[in-house]
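Subject: Structure handover

Hello,

Here is the structure I promised to pass on. Please open it first, then read my notes below.

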Amino acid sequence: QQPLELTRKMLRDKQNKKNSGQPIPMFPSWVYERPALIGDFLIGTSLSTDTTVPIGTLPLASQESMIVEDLLYVLIGVDGRYITAQPLVGRQNRTFSVDPNLDLSIKELVTRILPVAASYSAVTRFIEEKSSFEYGQVNHALAAAMRTLIKEYMILITQLEHLQRQGLLSLQKLWFYIQPTMRTLEILASLATSVDKGECLGGSTLSLLHDKTFNYTGDSQAQELCLYLTKAASVPYFEILEKWIYRGIINDPYSEFMVEEHELQKEKIQEDYNDKYWDQRYTVVQQQIPSFLQKMADKILSTGKYLNVVRECGRDVTCPVAKEVIYTLKERAYVEQIEKAYNYASKVLLDFLMEEKELVAHLSRSIKHYFLMDQGDFFVHFMDLTEEELKKPVDDIVTTRLEALLELALRMSTANTDPFKDDLKIDLMPHDLITQLLRVLAIETKQEKAIISADPTELTLSGLEAFSFDYIVKWPLSLIINRKALTRYQMLFRHMFYCKHVERQLCNVWISNKTAKQFSLHSAKWYGLFFLAGSAFSFL
């Protein structure tokens, strides 16, 4: 019991850590402290007494009658007088001790029947162990299906006991009647042992059952049995799957599903350059993917994520083509249902972003106009208004003044018709463009710490060198126009903005040079040298 208790504690701690707000329930301790409740053999509590007659002294018919009675006890997990169960060593199969004085012909037939009792013992232990909350709903459903089959087995033993009391059950008849059940219990014991050895939970349990079902292709009876167990075990898993692909909700208290949810704040997607909200909020757990859903794992993940985005915006979504998912050996059935759910989720999210959240308008009206300098008259007004302010060192610039000038330029230009103009903000960068680019390239590399901790450049940045626009993007558009995308736009803008400044300086020099041509040839020679020096200074 001690290793099992440690296993349960480990699983319980892991699941409670994930579901901190809702600890999983527990059976009371007396459930595990009373072994008589399990239904398996209790070592040292056989029916033998001091007055038991040595079986070797009895006639052959009496030996057979006594052994049949013993076998009926042993087949339901109770020691007999002459047949007793041996203590288990680890997870080995149950073995039995048969009275050595028993007639050899009877003993031979008894040894053929005892594997049924060993299989029953293994299945009973599995059912009791996997019924604990810690092992998850899939194992609960599998144990329940096995328990149903064990009840049918117990009915058979009851019927055999009735025959025995009427004196109509010989050892040979018992062997005949137990034949069909022997194969069933053997398969159940094999499955129980495999699940135990693999420490399977959730999707991994379904993978094992699915593979076993396919392996029994040549044995119709065995395949039908495995198919029944897999269908029963898959019900809770498919209920979680249906909620995910049809509504975008995960309800997985025992960590059995292929998609795992992580606690992340969507607001950070506007703060961190390399934010992984979309990739890390929901992730695929490889060992929990049933083998029959392996090919569709990525679409299952995306389907739920699409619906979840819409749900987080306050809209309730339910797939109109939702159908119950039922386990079958034909994988095409899953593919069609998941494809329909995926297409619906894709359409819902796309329509939501394009129509209700106006994604294209944000990209074409705001991002293109401001970051790619498509709005010419706005930039002329803005640079005229801020030219003197931006020539100052960045530490001397008053950001609120720049914000006021930006708003004035927006109102005075054709940008005034942009419904999203209020989302445009001023951003004065602490680094020059080259340093910013190096810092971005170093993210998640060995050089990241060195570059981030490096001293800033000794050169004092001017407002022109530090100036950039920023853009406020609300959820869920921030999934697309995220900090990563905006930083790229900002770097392009900073380069183009400074080029625009240089162009304006060249225009001013050219205008001044045209004015100088009015002077005499002798005076123009001195002005030429002056303009040459002035142009070089302007570029610097």
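Start with Leu 156. Setting aside residues up to four places away in sequence, Leu 156 touches Tyr 177, Ile 178 and Thr 181. One caution before going further: this is a predicted model.

Leu 156 sits in helix α5, which covers residues 136-165. Is Leu 156 buried or exposed? Its relative accessible area is 17%. The cut-off for buried is under 20%, so Leu 156 counts as buried. Thr 181, one of its contacts, is 25 residues away along the chain. The C-alpha atoms of Leu 156 and Thr 181 are 8.9 Å apart.

Next, the nonpolar cores. The largest has 87 residues. Which of them touch the most other members? They are Ile 67, Val 110, Leu 171, Leu 293 and Ile 300. Helix α4 (residues 104-130) gives this core its largest share, 13 residues.

In soluble globular proteins, nonpolar side chains tend to be buried together. Now turn to the surface. Ile 434, Leu 437, Leu 438 and Leu 441 form a nonpolar surface patch of about 390 Å². Leu 441 belongs to helix α15 (residues 433-441). Its relative accessibility is 58%. Exposed means over 50%, so Leu 441 counts as exposed.

Last, some backbone details in the loops.

- Glu 199 is not a glycine, yet its phi is positive, at about 50°. Glu 199 lies in the loop between α6 (171-198) and α7 (203-215). With 67% relative accessibility, Glu 199 is exposed.
- Ser 255 also has a positive phi, near 55°, and is a residue other than glycine. Find Ser 255 in the loop between α8 (220-247) and β3 (259-261).
- Trp 475 and Pro 476 are joined by a cis peptide bond, with omega about 5°. Pro 476 is in the loop between β6 (467-471) and α18 (483-516).

Best wishes

Methods. Residues are numbered from 1 along each chain as its sequence is written. This is a predicted model: local features need pLDDT of at least 70, side-chain atom pairs count only at pLDDT 80 or more; totals for chains, interfaces and linings use all residues. Side-chain values use heavy atoms; hydrogens and water are left out. Helices (H or I, at least four residues) and strands (E, at least two) are DSSP runs, numbered from the N terminus. Buried means under 20% relative accessible area, exposed over 50%, partly exposed in between (1.4 Å probe, protein chains only). Contact means heavy atoms within 4.5 Å. Patches are made of residues with over 30% relative accessible area and no salt bridge: like charges are joined within 9 Å, nonpolar side chains (Val, Leu, Ile, Met, Phe, Trp, Tyr) within 5 Å. Accessible areas come from the Shrake-Rupley method with a 1.4 Å probe; for residues, only the protein chains shown count as cover. A salt bridge is a side-chain nitrogen of Lys or Arg within 4 Å of a carboxyl oxygen of Asp or Glu. A nonpolar core is a set of buried Ala, Val, Leu, Ile, Met, Phe, Trp, Tyr and Cys residues joined through side-chain atoms within 4.5 Å.
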